[in-house]
Amino acid sequence: MLKGLRIDVLIEEVRKSFLILLAYPIEIAFWIISPLLWVIPLVFQGRALIGGLTSSSFGKLAGTTEFIPYVLIGAIVSTYMFSAVWSMGNAFRDETYYGTLEHILSSPTPAVYILVGKGIYNSILSTLFVVVQLLICVFIFGLDITLAKILPIMAFLLLLIVGLYGIGFAAAALTMLIKESYGLLHLFEYILFLFSPIRYPVEVNPITRAISIFIPLTYALIALRGLLLGLKFDFWKNSIILLIIDAVIIPLGLFIFYKIEKRTKKTGTLAHY
Amino acid sequence: MSKIAHYLRAINAENMKEWRIEWKYKPDFIRQFLEPFVYLFPYFLYGYALLGGRYSSHLKSITGVDDMVAYTFIGYLIMGFLNTACWAMGSSLRKEQWYGTLEAIFVAPVPRWVYVAGMALHSTCHQGLIMVFQAFLITTVFALVFKTTGIFLVLLIVVLMLMGLYGLGIMVAGFTIGMKQWWVISEALSTLITVVTPIAYPLAVLPIFLQKAALFLPTTYGIIGVRHFLLGEKLAISLPLIIFRLIVILVVWLTVGFALFIFMDRYGRKKGILSLY
């Protein structure tokens with residue numbers, strides 16, 4: 001698929017994407033702060049419902065009675081979810097708006113390089129955002145992270161990124177086909193948002209618990225919360241499941257992309273809005 | 001008089017045009033009816049996880065209402081109108097730019113705000129339909145019962161709140177002329193307003209500075225007023241004061257919104273940035 005790997009194309013795609021981002025600096029501040037702001041209503045809701053900062057009912061489901069660190073970690077990790085769905089999903093749609101899609105896809109560079117380049121760019125960017133958010137949580141909210149935990153945290157983040165960007169590849173391809181990608185990307189977002197333990201333990205409802213099994217975010221969040229909050233979790237089980245999901249989802253995402261790219265070129269609908 | 005009729009026709013034309021565009025993308029049209037549930041259910045599920053059930057004695061002690069689902073639902077339902085202001089009105093001009101029709105619209109013989117007003121009309125109707133659907137489904141599934149006495153005052157409060165939000169919407173639309181990335185402005189404003197407005201919690205649980213900030217928002221008065229009538233929530237502010245403050249906010253927000261929009265419109269044309277991305 002990536003015969004004769006062209007690193008220079010990937011580097012140029014990453015560089016171009018960063019240049020575009022720097023033209024809209026307000027977006028950088030937004031993506032760093034917003035996930036943390038989205039947690040605040042949950043903190044207030046918790047205080048209003050139970051009159052404190054710990055809940056025994058929550059502890060039975062989540063393994064920790066302290067709900068604030070729980071939702072904070074969910075919010076930080078969800079940065080990757082939003083990036084995979086929105087940035088990757090809109091990767092080619094944005095090029096349509098810029099008027100550059102036809103140029104890119106008619107160049108002698110295989111489109112998959114552009115897609116992987118965008119994936120790398122989004123991974124780097126999201127990781128930078130997550131690091132800043134974690135630092136905010138460490139210095140302002142007193143979240144405890146020891147250096148010994150950093151390596152396993154990075155390993156789980158890598159496994160998560162690979163899985164989510166596999167979904168992102170498929171989303172990017174589907175938007176070339178469907179065009180009005182907004183609804184489709186929302187659908188991806190809804191599934192990930194509702195059925196993975198970002199804001200609440202999925203065990204609270206049998207439907208969320210059943211669907212969460214198929215989402216990579218679930219296992220990454222269990223592991224990351226376990227590492228960051230010192231909760232019990234099965235390290236190897238979560239690692240292996242994430243590896244299996246990644247092994248399935250990346251080839252599947254690329255396969256969908258290839259098929260759809262071929263189809264849009266054949267039917268001549270590439271330039272349609 | 002003929003001028004007003006002329007403007008009203010233009011507003012309605014914009015409204016109808018937007019219905020036609022939305023109807024072209026049917027899956028997305030249907031999705032918009034389902035979207036509120038996706039953002040509402042996490043509040044419910046989070047509440048269930050915290051309480052181990054639906055009712056909260058602590059919530060009852062501070063608000064007089066113990067049903068977490070009913071309390072959260074009313075707050076969330078009213079906040080649907082924030083979408084009208086921040087998203088529909090805010091994105092109106094940016095969308096035309098993407099379609100390549102902004103310049104054509106801006107040379108039409110009506111003031112620019114008429115166009116944004118058309119989007120406001122459309123979005124209010126659309127959001128209203130979504131809210132009716134949402135209310136029907138949630139009240140049926142969760143067997144919610146509301147008090148119906150004071151329904152006219154509920155409508156009055158909602159109308160005043162909505163007019164205030166139109167001021168915000170026209171302000172956001174103005175910002176997008178100069179700043180282009182409208183969604184960042186919309187998202188930032190709606191996030192901040194959502195945090196400060198007592199959607200799923202009473203004002204009393206907010207820190208003092210946020211309680212004071214909340215008093216400048218029409219959504220705060222809208223939600224506490226409506227919840228008082230429909231659920232019997234205890235009021236920390238008297239009803240006449242709620243209505244008075246809503247009127248003041250309406251006047252201030254609409255004035256500031258229009259002033260900013262006119263300023264940004266002139267600025268955009270002077271700097272020649274109208275067609276820039």
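Some ground rules. This is a predicted model, where local features need pLDDT of at least 70 and side-chain atom pairs count only at pLDDT 80 or more, while totals for chains, interfaces and linings use all residues. Residues are numbered from 1 along each chain as its sequence is written, with chains lettered from A and ligands numbered from 1 in the order in which they are written.

Let me stay with chain B. It has 11 helices and 0 strands. Helices here are DSSP runs of H or I with at least four residues, strands are runs of E with at least two, and both are numbered from the N terminus. Along its principal axes, the C-alpha trace of chain B spans about 60 × 40 × 35 Å. Of its 277 residues, 42% count as buried. Buried means 20 or more other C-beta atoms within 10 Å of the residue's own; exposed means 12 or fewer; partly exposed is in between; the C-beta atoms are placed from the backbone. Now contacts, meaning two residues whose C-beta atoms, placed from the backbone, lie within 7 Å. Among contacts in chain B between residues at least 6 apart in sequence, 79% join residues at least 24 apart.

What does the record say? An unreviewed UniProt entry lists "transmembrane region" for residues 33-51, 71-90, 102-122, 128-146, 153-177, 183-206, 213-230 and 242-263 of chain B. Those positions are in the numbering used here, feature names are shortened, and annotations may be inferred rather than shown by experiment. Take two of these segments. Residues 102-122 of chain B are 76% helix and 0% strand, with end C-alpha atoms 18 Å apart. Residues 213-230 of chain B are 83% helix and 0% strand, with end C-alpha atoms 25 Å apart.

B:Trp87 sits in helix 4, residues 68-99. It counts as partly exposed because it has 19 C-beta neighbours inside 10 Å. B:Gly169 is 82 residues away from B:Trp87 in sequence, yet 7.9 Å away in space, C-alpha to C-alpha. Then B:Ala143, in the loop between helix 6 (112-141) and helix 7 (151-179) of chain B. B:Ala143 is not a glycine, but its phi is positive, about 50 degrees. Most residues other than glycine have a negative phi. Buried or exposed, then, for B:Ala143? B:Ala143 counts as exposed, because it has 9 C-beta neighbours inside 10 Å.

On to chain A. There are 13 helices and 0 strands. Its radius of gyration is 20 Å, close to the 19 Å that the globule rule gives for 273 residues, so chain A is as compact as a globular protein of that length. Its C-alpha atoms fill a box of roughly 60 × 35 × 35 Å along the principal axes. Of the 273 residues, 44% count as buried.

Helix 2 of chain A next. It has 13 residues and reaches 19 Å from first C-alpha to last, close to the expected 18 Å. Expected span is 1.5 Å times one less than the number of residues. A kink of about 30 degrees lies at A:Trp31, shortly before the proline A:Pro35. That bend is the angle between axes fitted to the seven residues ending there and the seven starting there. A:Phe30, A:Trp31 and A:Pro35 are buried.

Helix 8 of chain A, residues 111-141, has 31 residues and reaches 43 Å, close to the 45 Å expected. Just after helix 8, A:Gly142 takes a positive phi of about 70 degrees. A:Gln133 is in helix 8. A:Gln133 counts as buried because it has 22 C-beta neighbours inside 10 Å. Beyond its neighbours within four places in sequence, A:Gln133 contacts A:Ile32, A:Pro35, A:Leu36, A:Ile76 and A:Thr79.

Last, where the chains meet. The contact takes 38 residues from chain A and 36 residues from chain B. Which helix of chain A gives the largest share of its side? Helix 3 does, with 10 residues. The side of chain A divides into 24 nonpolar, 10 polar and 4 charged residues. Nonpolar covers Ala, Val, Leu, Ile, Met, Phe, Trp, Tyr, Cys and Pro; charged covers Asp, Glu, Lys and Arg; the others, Gly among them, are polar.

Conventions
The radius of gyration is taken over C-alpha atoms; the globule rule is 2.2 Å times the number of residues to the power 0.38.
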